[in-house]
2 protein chains.
Amino acid sequence: MKFALLFGGESYEHEISIVSAIALKKVLPNVSQYIFLDAEGGFWLIAPEHMRSDHFADATYRKGERLSLERGGFYRKKMLGSKRLEGFDVLINLVHGGQGEDGTLASLLEFFDIPFIGPRREASVVSCNKWLTKLYADGAGVDTVAYERLGIDDAREVKTPLPLIVKPLRLGSSIGVSVVREAGRLDYALDQAFEFDDEVLVEPFVEGIAEYNVAGCRIGDEWVIGRIEAPQKEEFLDFEQKYLDFGRTGEVAEADVDERLKEALIQAFKRVYGTLFDGALIRCDFFVHEGKILLNEINPIPGSLAHYLFDNYPDVLDRLAQNLPHKRAIRPTYAYIDKVQSAKGPKSR
Amino acid sequence: MKFALLFGGESYEHEISIVSAIALKKVLPNVSQYIFLDAEGGFWLIAPEHMRSDHFADATYRKGERLSLERGGFYRKKMLGSKRLEGFDVLINLVHGGQGEDGTLASLLEFFDIPFIGPRREASVVSCNKWLTKLYADGAGVDTVAYERLGIDDAREVKTPLPLIVKPLRLGSSIGVSVVREAGRLDYALDQAFEFDDEVLVEPFVEGIAEYNVAGCRIGDEWVIGRIEAPQKEEFLDFEQKYLDFGRTGEVAEADVDERLKEALIQAFKRVYGTLFDGALIRCDFFVHEGKILLNEINPIPGSLAHYLFDNYPDVLDRLAQNLPHKRAIRPTYAYIDKVQSAKGPKSR
């Protein structure tokens, strides 16, 4: 199985995606093509030796080869016409945030018939919109943190007790997120969040809550679950920490978690994954509070695809790539038009 | 305001979309470009005089001009390079079902920066997946019909009492839907539905339930709501009826509904529309049962865009086109990469 790695994208996690791709390159030997999506929606073929962050920060990539999307793949412009980019079987969507995680790229890849590892459109929408995540989790039988949803034009009547956390409804990164400990700070926190979305979520903020991350995927009938991680972090993962986090290449040991909790976390993960996330390796971040497991968020494209939590990581991706969900073939017919036309008689057709 | 009309698509409603486009052409004078999406994902420019059903059923359209999608619009292939298709300001997504209503085309149009009337990606996903519709309606404070969700591999333990209705989870048309009146028929109905989706919904079926359709949109701060319609139909709208329904060009009078119910239906419509459906003219189909209003389904792209329910229809679309939701501009920076690089010193960059 040969992979193409798609990274970059028009989002606040553009840089993080580059760092993540560079990290993944180091641990995944069978990536044969690197495709960079720039902030203007252009796709660029990147030579492996140019997979260095300055190549993008300096815009040197623009001296390289631009690709276009057509049915069946990416195409290289040639003197006469265009030629399909060969050399890979399955693409890995590593565009964190924005277009990568909101379902835009999933739609493009599906429309243009490019097989890929990553969340499909529905899964992307459900994990990108934090309100839909809660509704979905509820439907799937997994608890979430209590919340209020506030629109930009709504009265700012927040009932959640302090301390609380304010989050833009849709941004995946921690941009626009703030913890509020004093009532006088709430307005500013809301202003900040509304900079990034017309809707925000307000949730109670629990100091030092236990947090566990579970990553995995279903491959056919088999579940592959990574080592459970208890993220070491400050109040919440700020952007700089996240940046460093996405670039890591070492392995992570399993968190110190008893068997019963571990089993319960894995059960919750499987419920969230359901069939919606087929084709993706995702990470669910759970809180454990007063004995209850609460889904905090779904990362449908975790940083450097969470390789550091798995043994035989290249093998996991290989097998996942061989078990991607298939679109049902639909062949539109003209049965009704033909019927109506023939009722009208041949002349009128 | 000049419109392009996009129709066709890879779906069971391919034909219906053609009929719908032909009907809309008759009532909307300011459509200047017709773009057909064929079943293979090809976009074709159609001359107004070729907007007849046989032009598509016969594949005559293939003798015409093929378009490609690039940033900023559709492009016509020229001897040297390509040229942007001019002559329209806003595109109307009239691809019913499949790619049109599941968020695929919304994603493409957004990615390639083509302004359009139609549901955005999130709205499409929420209305296309009938389970998500129920979860969303619940979150928005609108009741729906009770249901069971069944996966293709689940035990067929259905608790819903007879008569019941079985529906594939995602198909917009009535294909794969059956009413079951005898227990012995359930298996066959499930088999039929699972032909089209790996998940199905089972709901109680209420004979002769009152049904009302409400169509409309929000334009800035103003709501535009069409005449309330009580659909005349059999048990449920079968495909042939729907076909005829989508082609109609006459007007429809308001249903005989008292003011209180009318107001309640409109309130329910507004709750469903929320901000999620900004940019779209949608139709919500409600049941009224034992005094309760229940959302049955959301049609994010109603047949010939439900023109027959509105006065001054071209004006409604004009104003909607002038009030489309805007994407927030995101300009990725390289702040963190630059920071890390400069910490490493200039040489290592």
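**Exercise 1.** How many residues of chain A are in contact with chain B, and how many of chain B with chain A? Then describe the area they bury.

*Solution.* Keep in mind that this is a predicted model. Start with the count: 70 residues of chain A touch 70 residues of chain B. Next, turn to the area: the two chains bury about 5800 Å² between them, with 56% of it on carbon and sulfur atoms.

**Exercise 2.** Find out how many salt bridges and polar contacts cross the interface of chain A and chain B, and which element of chain A gives the most residues to its side.

*Solution.* Begin with the charges: six salt bridges are found across the interface. One to look up is A:Glu122 with B:Arg170, at 2.8 Å from N to O; this lies within the 4 Å cut-off. Polar contact is found for 18 residue pairs across the interface. Several elements of chain A supply at least two residues each, among them α1 (14-27), β2 (31-37) and α5 (121-128). The most comes from α11(A), with seven residues. Sorted by class, this side of chain A has 33 nonpolar, 14 polar and 23 charged residues.

**Exercise 3.** Work out what rotation superposes chain A on chain B.

*Solution.* Rotate by 180°, with 0.0 Å of shift along the axis, and chain A falls on chain B with an RMSD of 0.0 Å. Now check the surfaces: 100% of the contact residues of chain A recur in chain B, so the same surface serves both copies.

Technical notes:
Residues numbered from 1 in each chain as written. Chains lettered and ligands numbered in written order. Predicted model: local features only at pLDDT ≥ 70, side-chain atom pairs only at ≥ 80, totals over all residues. Heavy atoms only, no water. Contact = heavy atoms within 4.5 Å. Buried area = accessible area lost by both parts, 1.4 Å probe. Salt bridge = Lys/Arg side-chain N within 4 Å of Asp/Glu carboxyl O. Polar contact = N/O pair within 3.5 Å; in protein donor to acceptor, adjacent residues only side chain to side chain. Helix = DSSP H or I, 4+ residues; strand = E, 2+ residues; numbered from the N terminus. Nonpolar A, V, L, I, M, F, W, Y, C, P; charged D, E, K, R; others polar. Least-squares fit on C-alpha atoms with pLDDT ≥ 70 in both.
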